[in-house]
Amino acid sequence: MGRRRKATAGETYLFVLLLIGAGLWKTSPGLAIAVPAGLFVLLVLAASIRSKCGVCGQELRRVAYGGTLGGGKRVKICPDCASEMRRRISRKAVGRLMD
Ligand SMILES: [Zn+2]
């Protein structure tokens, strides 16, 4: 059996759109076009909204670090917080060595 390739988010989204479109096509062809188009617009709008740093909340111009914080929640972290986290981790590691 071949290894299953993990679908990307975009592929999954297209698949869902196709399913919604196909399902609605039988009942209402107009909705079959309007609903996926509306979802697409929403997605574009959501993507255009600036993401914020998961630690300090400032707007991100570029993501320095994407990781998981406690609770398994994915967050984006700004350069400042990323370097602060690195410092904290290394301080902890150094502290362990000094014990
Ligand atoms: Zn930050």
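The secondary structure of the protein chain amounts to three helices and two strands, where helices (H or I, at least four residues) and strands (E, at least two) are DSSP runs numbered from the N terminus. From the N terminus on, these elements follow the order α-α-β-β-α. The structure is a predicted model, in which local features need pLDDT of at least 70 and side-chain atom pairs count only at pLDDT 80 or more, whereas totals for chains, interfaces and linings use all residues. Residues are numbered from 1 along each chain as its sequence is written.

The mean pLDDT of the protein chain, pLDDT being the predictor's confidence in each residue from 0 to 100, is 80, and 83% of the residues reach 70 or more.

Of the 99 residues of the protein chain, 4% count as buried, a residue being buried if 20 or more other C-beta atoms lie within 10 Å of its own, exposed if 12 or fewer, and partly exposed in between, with C-beta atoms placed from the backbone. Among contacts between residues at least 6 apart in sequence, 15% join residues at least 24 apart; two residues are in contact if their C-beta atoms, placed from the backbone, lie within 7 Å.

Helix H1 (residues 9-27) has 19 residues and reaches 28 Å from its first C-alpha to its last, close to the 27 Å expected at 1.5 Å a residue, the expected span being 1.5 Å times one less than the number of residues. H1 is hardly covered, the count of buried residues among its 19 residues being zero. Helix H3 (residues 79-98), with 20 residues, reaches 28 Å between its first and last C-alpha, close to the 28 Å expected. Because the number of buried residues among the 20 of H3 is zero, this helix lies largely in the open.

Gln58 is placed in the loop between helix H2 (29-48) and strand S1 (65-69), and counts as exposed because it has 12 C-beta neighbours inside 10 Å. Leaving aside its neighbours within four places in sequence, Gln58 is in contact with Lys52, Cys53 and Cys78, while its C-alpha atom is separated by 9.3 Å from that of Ile77, 19 residues apart along the chain. Arg74, found in strand S2 (residues 73-77), has 9 C-beta neighbours inside 10 Å and therefore counts as exposed. The C-alpha atoms of Arg74 and Gly54, 20 residues apart along the chain, are separated by 8.6 Å.
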